[in-house]
Amino acid sequence: MQSLFLPLLSVDFPSWLKPEIIPGLPIRWYGLMYIFAFGTAFIVYRKQVKERNFPMTDDGLSSLFFWGILGLLLGARLFSTLIYETSDIYRKQPWLIFWPFRNGNFTGLQGMSYHGGAFAGLLAVVIFAKVKKFNFREIGDMFAAAIPIGFTFGRLGNFINAELYGRATASPFGMVFPHAKLLPANETWVMEIAEKTGTAVTGAFVNLPRHPSQLYEAFFEGIVLWALIWLFRNRKPFKGFLIGLYFLGYGFFRFIIEYFREPDAELGYRIEFVKTTLPTAYAHPLFSFSTGQVLCFWMIVFGIVWLIIASRLPDREPIRIYSDVKEIPEPNKEEAAKERNKRRKLRKKLK
């Protein structure tokens with residue numbers, strides 16, 4: 001009876017999915033997914049501006065997104081080369097950081113760190129708000145309610161590239177990625193997973209099913225997080241609440257999903273409270289933390305600290321709908337009394 005269910009325990013990566021949109025041309029799905037991500041975030045942000053009657057023109061919104069995206073891309077690329085690159089290539093040849101060619105071939109900017117992009121994008125929004133005299137907490141909250149749904153497309157791009165896959169698994173969610181690292185068939189745990197999933201072992205190495213962690217992230221860090229923040233967008237208790245909720249929520253979801261991902265081979269675990277000899281492709285011990293988890297921990301800390309600070313800042317009451325007419329401040333009572341006395345004296349003289 002068990003053999004009837006073996007074929008359902010894993011699926012092959014769709015063979016029709018290729019990184020290039022048109023074979024032979026330097027146009028990749030991953031780059032197109034970035035365009036979809038930015039476009040979707042722009043549409044969701046603009047919807048919030050319209051429904052709240054926020055005092056920002058379409059030109060202002062386009063300018064905000066230009067600087068925000070520029071900051072995000074610069075931060076993501078720089079952070080990736082500083083944190084994830086183990087060789088000295090970028091230190092010796094720093095111009096290669098933003099050079100999209102390798103050995104005469106177009107490769108794009110391979111390697112982007114979401115954590116670096118998040119903080120650099122946040123800095124760009126802070127500077128924009130300061131220069132354009134906008135309330136940073138207001139425009140930041142609207143960004144927080146727009147970014148996650150766009151992030152979904154980025155992780156779909158990783159899935160199409162068949163990269164950033166997870167650990168080997170015998171669960172029903174397992175997927176065989178075509179370019180995944182082959183595992184030695186003489187390992188006991190490898191043979192156990194192969195047997196459970198019905199994977200044929202024909203040589204010294206075997207390609208086992210992996211967690212499609214890109215799809216886990218697209219769902220939880222994208223759709224679920226966006227739905228949660230969108231639910232609070234008109235119920236936030238104070239300005240800046242959604243910014244903190246975004247950093248806290250993303251950090252939490254990513255931290256958990258990292259347990260299903262295989263750490264970068266060159267980096268391994270950055271912190272190991274309990275040393276382990278288990279292969280990273282097989283298990284992720286509870287008290288061993290990858291680079292992504294360390295960065296997510298600091299995102300969670302930042303989110304909590306920001307929520308505490310934002311809840312105590314002056315002018316923290318959220319504005320649901322902005323009025324078309326600017327409010328005229330109530331005149332000072334003493335000045336109003338002087339003005340009435342002047343009018344009385346003028347009427348007496350006229351009489």
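How many helices and strands does the secondary structure of the chain come to? Colour by secondary structure and you get twelve helices and eight strands, where helices (H or I, at least four residues) and strands (E, at least two) are DSSP runs numbered from the N terminus.

Before you click further: this is a predicted model, in which local features need pLDDT of at least 70 and side-chain atom pairs count only at pLDDT 80 or more, while totals for chains, interfaces and linings use all residues. Residues are numbered from 1 along each chain as its sequence is written, and side-chain values use heavy atoms, with hydrogens and water left out.

**Whole chain**

Of the 351 residues, 42% count as buried; buried means under 20% relative accessible area, exposed over 50%, and partly exposed in between (1.4 Å probe, protein chains only). Take the contacts (heavy atoms within 4.5 Å) between residues at least 6 apart in sequence: 73% of them join residues at least 24 apart.

**Stop 1: helix H2**

Select residues 29-52, which make up helix H2. The expected span is 1.5 Å times one less than the number of residues, so the 24 residues here should span 34 Å, and the end C-alpha atoms agree at 35 Å apart. Now show the side chains of Tyr30, Met33, Ala37, Ala41, Val44, Tyr45, Gln48, Val49 and Arg52, which are buried in H2. The buried residues of this helix pack against helix H3 (58-84), helix H6 (136-144), helix H7 (147-160) and H9. Step past the end of H2 to asparagine 53, which has a positive phi, near 60°.

**Stop 2: tryptophans on H9**

Next, select tryptophan 226 and tryptophan 230. They sit four residues apart in helix H9 (residues 213-232), so about one helical turn separates them. An α-helix has 3.6 residues a turn, so residues three or four places apart point the same way. Rings of Phe, Tyr and Trp (its six-membered ring) pair if their centres lie within 6.5 Å; planes under 30 degrees apart count as stacked, over 60 as edge-to-face and the rest as tilted. The structure holds 36 such aromatic pairs. Tryptophan 226 and tryptophan 230 form a stacked one, 5.5 Å centre to centre with 25° between the planes. Tryptophan 226 is partly exposed at 22% relative accessible area, whereas tryptophan 230, at 16%, counts as buried.

For contrast, jump to tyrosine 246 and phenylalanine 247: their ring centres are 5.6 Å apart and their planes at 85°, so this pair is edge-to-face.

**Stop 3: the loop between H7 and E4**

Finally, go to the loop between H7 and strand E4 (174-176), where you'll find tyrosine 165. Is tyrosine 165 buried or exposed? At 18% relative accessibility, tyrosine 165 counts as buried. A polar atom of the tyrosine 165 side chain lies 3.2 Å from the backbone nitrogen of lysine 181.

Threonine 169 lies in this loop between H7 and E4 too, and at 7% relative accessibility it counts as buried. Its side chain makes a polar contact of 3.5 Å with that of histidine 211. (A polar contact is a pair of N or O atoms within 3.5 Å; within protein, one must be able to donate a hydrogen and the other to accept it, and residues adjacent in sequence count only if both atoms are side-chain atoms.)
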